[in-house]
Amino acid sequence: MLRQLALTDMGAAAQVHRMAFDRAMPWLVGLHTQDEDRWFYRERVFPACRVWGRFDDGVLSGIIAFRDGWVEQLYVLPVAQGRGDGTELLDVAKRTCERLELWTFQRNERARRFYEARGFALVEQTDGARNEEKEPDARYLWTRA
């Protein structure tokens with residue numbers, strides 16, 4: 001089941017983010033505490049973005065946060081990856097926006113393959129100097145055909 005999330009879902013959304021992030025990028029584990037993750041979702045993500053979630057048997061398994069043509073967050077629990085949850089969430093944003101951009105880390109090959117398989121094109125790579133993690137990143141763009 002897909003549905004738009006409310007602020008009361010913030011803790012679960014932050015937990016999905018952390019679990020998926022840590023699995024995908026183990027070299028960045030410990031970057032933030034659980035309290036910092038909850039603050040980020042409460043103060044930054046929910047006020048600025050439309051946040052949707054994918055639920056399996058009532059448990060949040062994936063999230064997408066998007067705004068004004070940007071995908072800000074897209075995370076799926078490791079146990080739920082490969083089942084189409086991420087595609088379903090991305091399709092929510094694609095139905096709403098004519099174009100979408102996003103950033104992902106260059107070393108996150110699985111994410112890069114995921115986006116490229118869904119019509120996103122690489123448009124920029126940086127050395128990571130402008131992101132908090134100082135991790136080389138890649139910007140992708142999708143436009144409705």
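Reader: Why is Cys-97 called buried?

Author: Buried means under 20% relative accessible area, exposed over 50%, and partly exposed in between, with a 1.4 Å probe and protein chains only. Cys-97 has a relative accessibility of 7%, so it counts as buried. Cys-49, at 13%, is therefore buried as well. The model is a predicted one, in which local features need pLDDT of at least 70 and side-chain atom pairs count only at pLDDT 80 or more, while totals for chains, interfaces and linings use all residues. Residues are numbered from 1 along each chain as its sequence is written, and side-chain values use heavy atoms, with hydrogens and water left out.

Reader: What makes Leu-102 a buried residue, and which residues does Leu-102 contact?

Author: Leu-102 has 1% relative accessibility and therefore counts as buried. Leu-102 is found in strand 5 (residues 99-105); helices (H or I, at least four residues) and strands (E, at least two) are DSSP runs, numbered from the N terminus. Contact means heavy atoms within 4.5 Å. Leaving aside neighbours within four places in sequence, the contacts of Leu-102 include Trp-70, Val-71, Tyr-115 and Phe-120. The C-alpha atoms of Leu-102 and Leu-74 are separated by 9.7 Å, although the two residues are 28 apart along the chain.

Reader: Why is Thr-126 called buried, and where does Thr-126 lie?

Author: Thr-126 has a relative accessibility of 14%, so it counts as buried. Its place is in the loop between strand 6 (121-125) and strand 7 (137-143). Not counting residues up to four places away in sequence, Thr-126 touches Trp-103, Gln-106, Pro-136 and Asp-137.

Reader: What makes Asp-57 and Asp-68 exposed?

Author: Asp-57 has 84% relative accessibility and therefore counts as exposed. Asp-68, at 65%, counts as exposed too. Asp-57 is found in the loop between strand 2 (50-56) and strand 3, and its phi is positive, near 50°, in a residue other than glycine. Asp-68 lies in the loop between strand 3 and strand 4; it is not a glycine either, yet has a positive phi of about 35°.

Reader: Which element gives the most to the lining of the largest pocket?

Author: Strand 4 gives the most, with 7 residues. A lining residue has an atom within 4 Å of a point of the pocket, which is an open set on a 1 Å grid over the protein atoms alone, where a 1.4 Å probe fits, with protein on both sides within 12 Å along at least five of seven lines. The largest pocket is lined by 48 residues, and Glu-72, Gln-73, Leu-74, Tyr-75 and Trp-103 lie nearest its centre.
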